[in-house]
Amino acid sequence: MAEVATFATSDQLLVVIDPVARRTDGESVRIAKDVLSAGAATKVCMPEGPEEFARVLARRGSRRPVLVGDDRALMRTVSLLHRQRELAGCALSMVPVGGALSLAGALGVPTGAVAAARAVLDGVVRRMDLLVDDSDGVVLGALRIPSLPSPAVPSPAGTGHASWLRTCQSLVRTLVPARPSREPLVGVPRFGPARLRVEVDGVTLVDLDQPVEAVSVRPTASGLAEVEVRPVSVGAEASPLYARGRTVTVSGADFRYRADATVAGPVRTRTWVVREGAWGLTLPTG
C-alpha cells in the first residue's frame, strides 16, 4: 500500500453518518462530529436510506467523503462508488461506529472514535487492491466459501408413521427424564464437504474429484490474490493448498460465499479479478 497524499485542515469534509451508527452508538457519533468539526470545515449529512445515501455521495462535489458507520456501511460505499465508476478518483475516510468493525480494523482504520477522526484529519491515503467479480460485486478484505449444507435427514417412514412416532416420543418424554440426543434432527441441515473446481490464472488448484472443507481468497498489497483451499481430511490431516494470481475462478455444484460481511449466491461459477490500487482509504501515518 503506497502513501499517496496528506491532507490539510483546510480541506472540506462531507461527513456521512450511517443510520445504524446513530442508533447503536450516538455518543461515538457525537464525538466524531466534534473532533472533525474542530479540525476542518465540515458538512454533516444523515441519510435515512440507501437512495438518499447514494444521492449524498453523488452531490459531494469537491468535499472529501468521511463515512461514520460500520463494516457494512463501508462495503456499501465502496460498492456504490465502484458501480458509478468513481472509486479510483475518490479517497475515502472512515470513523468506525457500530457493532461490526472487524473489516475496518483489519484494513488499518483505528476503531476508537477520537483516534479515527484524528486519522481523517492528519492521515494519508493508501491505495488498496480490490477483488471484483463477474457480476460487478466487490471484496475489500476476504472472500470465503464454506462447506455446503447437506440434504435434510429424511423421516424414517411416511407422513402417517412420522406423526404416530412423534406422538409416542412426546408421551415418552413425559415419563422419562430428558437427556441429550445423539441422533440427527429431522429437517435440520448438516454441513458436508463441497466439490468445487478452483482455478488460479487458468491453472487448476483443486478439481471436482477432491472434496474441500473451505476456500478463502483475499487481495494482497502486491496486485495478486492469495488463495487457500482446505481439502477434506482422510485419516491424517490434509495440508492446505496455496496459490497466488490475478484471476480466481470457482465452479461446481451450487455454492454460496461470504464476501466480507455479506453472503451471496447460490451460483455455479464465479470469477474474481484483482484490481490493483483500485481504491484509497485514509489511514494513520507511520
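Ala, Val, Leu, Ile, Met, Phe, Trp, Tyr, Cys and Pro count here as nonpolar, Asp, Glu, Lys and Arg as charged, and the others, Gly among them, as polar. This is a predicted model: local features need pLDDT of at least 70, side-chain atom pairs count only at pLDDT 80 or more, and totals for chains, interfaces and linings use all residues. Residues are numbered from 1 along each chain as its sequence is written, and side-chain values use heavy atoms, leaving out hydrogens and water.

**View A. The lining of the largest cavity.** Lining residues have an atom within 4 Å of a cavity point; a cavity is a set of points, on a 1 Å grid over the protein atoms alone, where a 1.4 Å probe fits but cannot get out. The lining comprises Val16, Phe53, Leu57, Pro65, Val66, Leu67, Thr77, Leu92 and Ser93. Seven are nonpolar, two polar and none charged. The cavity holds about 40 Å³ of space. One cavity of 30 Å³ or more is present in the structure.

**View B. Elements around the largest cavity.** α3 (50–58), β4 (64–69) and β5 (91–96) each give at least two lining residues. β4 supplies the largest share, three residues. Helices (H or I, at least four residues) and strands (E, at least two) are DSSP runs, numbered from the N terminus.

**View C. Arg270 in strand β17 (residues 262–283).** Arg270 is buried, at 14% relative accessible area. Buried means under 20%, exposed over 50%, partly exposed in between (1.4 Å probe, protein chains only).

**View D. Neighbours of Arg270.** Leaving aside residues up to four places away in sequence, Arg270 touches Asp133, Asp134, Ser135, Val248, Thr249, Val250, Phe255 and Tyr257. Contact means heavy atoms within 4.5 Å.

Key. 1 Å grid on protein atoms, 1.4 Å probe; cavity = no way out; pocket = protein on both sides within 12 Å on 5 of 7 lines; lining within 4 Å. Points joined across faces, edges and corners; volume = space filled by probe spheres on them.
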